Structures are given as structure tokens and as C-alpha cells.
Amino acid sequence: KIQSLKSAYEDDFLIGTALGTEHILERNEKANRLIKREFNAITPENIMKSQIIHPTPNHYNFDLSDKYVEYGLKNGMYIVGHTLIWHSQLPAFAGKIKNADSLRIFMTEHINTVAGRYAGKINSWDVVNEALNEDGTLRKSVFLNNLGEDYIKNAFDLAAKADPHAALYYNDYNIEQPAKRKGAIELIRKLQAGGTKIDGVGIQGHWSIHKLNLQEIETSIIEFSQLGIKVAFTELDLSVLPNPWDLQGADVNQRFAESPAMNPYKDSLPDSIQTVLANRYTDLFKLFLKHRDKISRVTFWGVDDSHSWLNGFPIRNRTNYPLLFDRALEPKKAYQAVINLK
Ligand code: XIL
């Protein structure tokens, strides 16, 4: 009898979860028992982002990240580092840099210090996060503006040097969509052509039960793996709430408002929607299994619905139900559906 997600999929790919501070500090016994029982890979939801780990030029906060890495080592888990270079959740001092030399110094020191500290312990790094626009061009950021597109190559080369054993990933959302995917493929090809080490691509997978394009996801798995790299689903969750950008007609303020219409399942999720969620997860995991030789890992963005970032994004104060465990840390119908595929 199958006992857990990780044992169900042990011959296929890793099953991960994102950890918050309360998990790393083992503040909730039930949650920590669940994490150890169900998952064999972990990602830090926030605590390794540059703003938190490197808030001012010469100061690093390694307290929580050390504990995070210890937690993974102690429990024999695959440990992901997230993330080295990202335009968001960046320390204020770095965001203000106005010249190439200073930014190069920031990048070099940051990557050497953070990746170097955990060399040999972190299994894979999201080296660069979200560098692309929806149309596949490179996103304007303090990095692109000061260093040009070479900043991506520089970041990967620095990471490879600081931790030669970690698998190095490019991570982004919507890169299963054609235009952005094309941009990602071009970015990865350029790195490879320049002799830079890149081991995989992370498709974040912040999707929705109302809109899940399996066809594009499949094409992406195939096309990315044809580059000779692994594909990971790094931040999987399926929102059950309306996404403002999918709504036609209504004006923008209306769509982003904290209104009952945008938060329809405040008290509980109807059974019919539980079933839709289970079916969408079933479709996804069937596809993942079909391409198990190309997929290294599937990580959920959070442990249970109570901690999901989708309760606060893109509209604040909603009640979302995107994960496999409910607010009481009990498995949902979607959990059983994913297990039943095996
Ligand atoms: C999110 C966290 O879940 C939130 O707690 C935080 O407030 C903002 O960032 N893409 C990423 C993740 O790569 O790091 C983001 O995580 C979600 C989108």
C-alpha cells in the first residue's frame, strides 16, 4: 500500500514542497511530520532571497538558511536554493546601483558568499529567476540595465565556480507559453553555445483549475529536454479562484478589488470544485508520468492551503485552495487522486 507522495513517485521524480520559517524552525509538529512523510525535496519559500539573506552591502543573515540546509541534510532531502539573481525581493541597496562595475561586484560577492557557503550541500540552485518578459524578450531590471544580457551568463558561471556540484537551473513562470518559451530556449541555447553550465529549466507552474494548457506544457517538456537539460516543475499550485487577468470587460480596479465576487469560497470549497481540482491534478500528473524520463522534480509551492501565497496574491485577503493538503493539514481529494495514479 502506498504511504506517501514521495514513495508513490520514487521511481519517477522528486516530490518537493516550499518551506516557510515556521516549518524550518519546526514550530508545528503536525506540519513537520507531514513534510517528512510526504516530500523528499525542499525549497525555501523566501528566506534565501537576496533581500532577506543579504539586506545591506556587508551583512548576511544566515541563521534561517543554515537551519534550512540542516533540516534537509538531517532528513535526507534534496535541497534547492532559491534564488541567486532575481529583480524582485532584492535588497534596496542593490536596486539603486547605477553602474556596471558596482553591480558586477554585488553579483560576484553575493553568489560567491551564498552559493559558496553551502557548496556541496545544496543540490540545485535557481540561479536566475524570471529574467523574461511575456513576449520572450529580456525583462528590464537593474541587472539588464547595467550589465546587458551577459549578466545571465555571468551569474551561471559564478554559481558553477562557487558550487561545482550543484545542478544549475533557469527558473521562470509562463515559459510553457509559446512566445516566452521561445525566449527561454534562446536564452538557454546561448548559454550552452558559450560553454556555460546549465543543467535544467524550472517551469514554476502557478496555474489555475480554470485555465491549464496541457498541450503547451507537454510541448514545453519536450522542447526543453531536447536542449539536453532536465525539466523541473518548481512552484506548482492550482488556484481555484478567478484570476483578474483572465476576466474580460470589467475595469482593472474592479478586478483587483478585495470583493466577495473575487473570493467566492471564503467559508469552504464546494465538493464540485474539490473534484475539479482533483481532476486537474490528475491530468497534470498523468502528463508528468508520461514524461518521467525528462522530469527531475515536481515541487508544490507550499505545504497546505493555509500557507499558500495565493491567499494574498494577486488580490489580498482571499481564501484559496490550491494545494494537496487542507487547512487542517489533512489530505484532500486531489491528494488521493495523485496517489491513485500509481
Ligand atoms: C512568493 C512567496 O510565496 C511569497 O511569500 C512572497 O511574498 C513573494 O514571493 N515566483 C517565485 C517565488 O519565484 O519566489 C514567489 O514566491 C512566487 C512567484
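I began with H13 and found Asp271, Ser272, Lys286 and Lys290 exposed on its other side (exposed: 12 or fewer other C-beta atoms within 10 Å of the residue's own; buried: 20 or more; partly exposed: in between; C-beta atoms are placed from the backbone). Helices (H or I, at least four residues) and strands (E, at least two) are DSSP runs, numbered from the N terminus.

I noted that this is a predicted model, in which local features need pLDDT of at least 70 and side-chain atom pairs pLDDT 80 or more, while totals for chains, interfaces and linings use all residues. Residues are numbered from 1 along each chain as its sequence is written.

I then listed the buried residues of H13: Leu277, Ala278, Arg280, Tyr281, Leu284, Phe285 and Phe288. They lie on the same side of H13 because they cover an arc of only 165° around the axis (the arc is that of the directions from the helix axis to the C-beta atoms). Their cover includes E8, strand E9 (295-300) and helix H14 (333-340).

I looked up Glu235, where UniProt places the feature "active site" in an unreviewed entry; such annotations may be inferred rather than shown by experiment. Glutamate 235 sits in strand E8 (residues 230-239). I recorded it as buried, because 23 other C-beta atoms lie within 10 Å. Leaving aside neighbours within four places in sequence, glutamate 235 is in contact with Gln204, Gly205, His206, Thr299 and Trp301 (contact: C-beta atoms, placed from the backbone, within 7 Å).

Last, I checked H9 (residues 150-162), whose buried residues include Tyr151, Ile152 and Phe156. Among the elements covering the buried residues of H9 are strand E3 (78-85) and helix H7 (100-117).

How values were computed. Two residues are in contact if their C-beta atoms, placed from the backbone, lie within 7 Å.
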